[in-house]
Amino acid sequence: MMWGDRKSFATVALGVVVALGAPACATTQSAATASAPASVSARGISPERLMPRLRALAHDSMEGRGAGTPGGARGRAYLERELRAMGVTPAGASYQVPVRVRARPGADSLGANVVARIPGRRRGGPVLVLSAHHDHLGVRGDSIYNGADDDASGSVALLALAERFVAEPLEHDVIFAWFEAEESGMLGSRAFVDAPPVPRERIALNVNLDMVSRHEGGGTLWVAGTSHYPSLKPVAESVVGQAAIPIRFGHDTPSERRSDDWTGSSDHAPFHRAGIPFLYLGVEDHPDYHRPGDDADKVDPAFYSATVSWTERLVRALDAQLEALHAQRPVKAP
């Protein structure tokens, strides 16, 4: 999640991160509550499918996966190896699509999006894009910012969902996108929306996962985007009863304080600006947000498993109604 776009604002000075506060959640948000974190059904995605990958992607050896850094390249290589192992093919000529992350005198520093595709049972037609960002803050001073929740959790969730959709395909094609340089201004997702691997008019909607593994904010997974795209809410609500955790809708209205409105806070924002509907899934900020303590050992495996399992149910529900949802999608010019 980007600096300053959620409830905790932060400043970096001389390699030290100083949190500046976290106002309370807005009271205008709506709730659809399931049971408290507990066991997930047998069809769910188990912690054993998630935690080893989370520990690997958020390991010190990845050096915080900073955009355009060797650690970031190692993170991308890990994602690519996992995709190859499960038989998921690139969406284009290769898994990694270069992204310029910063300009330097006489040279450009490059990172890359990792983009893959799983065909649906129906060929052609509307496409789902599932996304997360693979980068984090890298090394600052003597500290490694591993970003286990932000956003190794979303990145690993996408790997688990890819496994599920290989085993039980969706009706429609799904593109998996692990974006570069979200923390630097959503550079990877902006590049993707500017030049997607399919015609932009085929993209029915984006489901973006950013911070889905911790529950210090009351054990709730938030769904943002339905205030902008009301047709998505009944679909999401239809599977709330299948969640093993509380699901709430909100964090997406201009009436909220800027820090509580997550409309522009992560990689769904470029899709929204292009008129592509989105749903953003995430948790409230926690004490390790954008701090060196955002490590895998702080994650609650049962909660994490529940968020990813419910995401699968949500995506399958959206897929079942994708033709109708796509017919309502407003299309904006680039």
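In what follows, Ala, Val, Leu, Ile, Met, Phe, Trp, Tyr, Cys and Pro count as nonpolar, Asp, Glu, Lys and Arg as charged, and the others, Gly among them, as polar. The model is predicted. Its largest pocket has a lining of 11 nonpolar, four polar and no charged residues.

**The largest pocket**

- The volume of the largest pocket is about 170 Å³.
- Its lining consists of 15 residues, of which V97, V115, F192, A195 and P197 are the closest to the centre.
- Two or more lining residues come from each of β5 (96–104), β6 (107–118) and α4 (187–194).
- The most is given by β5, with four residues.

**Helix α3**

- Helix α3 covers residues 148–167, 20 residues in number.
- From first C-alpha to last, α3 reaches 27 Å, which is close to the 28 Å expected at 1.5 Å a residue.
- Because 17 of its 20 residues are buried, α3 is largely enclosed by the rest of the structure.

**Nonpolar cores**

- The largest nonpolar core contains 74 residues, and F176, Y304 and W310 have the most contacts inside it.
- Helix α3 supplies the largest share of this core, 10 residues.
- Another core, of 13 residues, lies apart from the largest one and includes V127, F179, A274 and I276.
- Neighbours within four places in sequence aside, F176 is in contact with V114, V115, A116, I118, L130, L158, L161, A162 and F165.

Methods
Residues numbered from 1 in each chain as written. Predicted model: local features only at pLDDT ≥ 70, side-chain atom pairs only at ≥ 80, totals over all residues. Heavy atoms only, no water. Expected span 1.5 Å × (residues − 1). Buried < 20%, exposed > 50% of the residue type's maximum accessible area, 1.4 Å probe, protein only. 1 Å grid on protein atoms, 1.4 Å probe; cavity = no way out; pocket = protein on both sides within 12 Å on 5 of 7 lines; lining within 4 Å. Points joined across faces, edges and corners; volume = space filled by probe spheres on them. Core = buried A, V, L, I, M, F, W, Y, C linked by side-chain atoms within 4.5 Å. Contact = heavy atoms within 4.5 Å.
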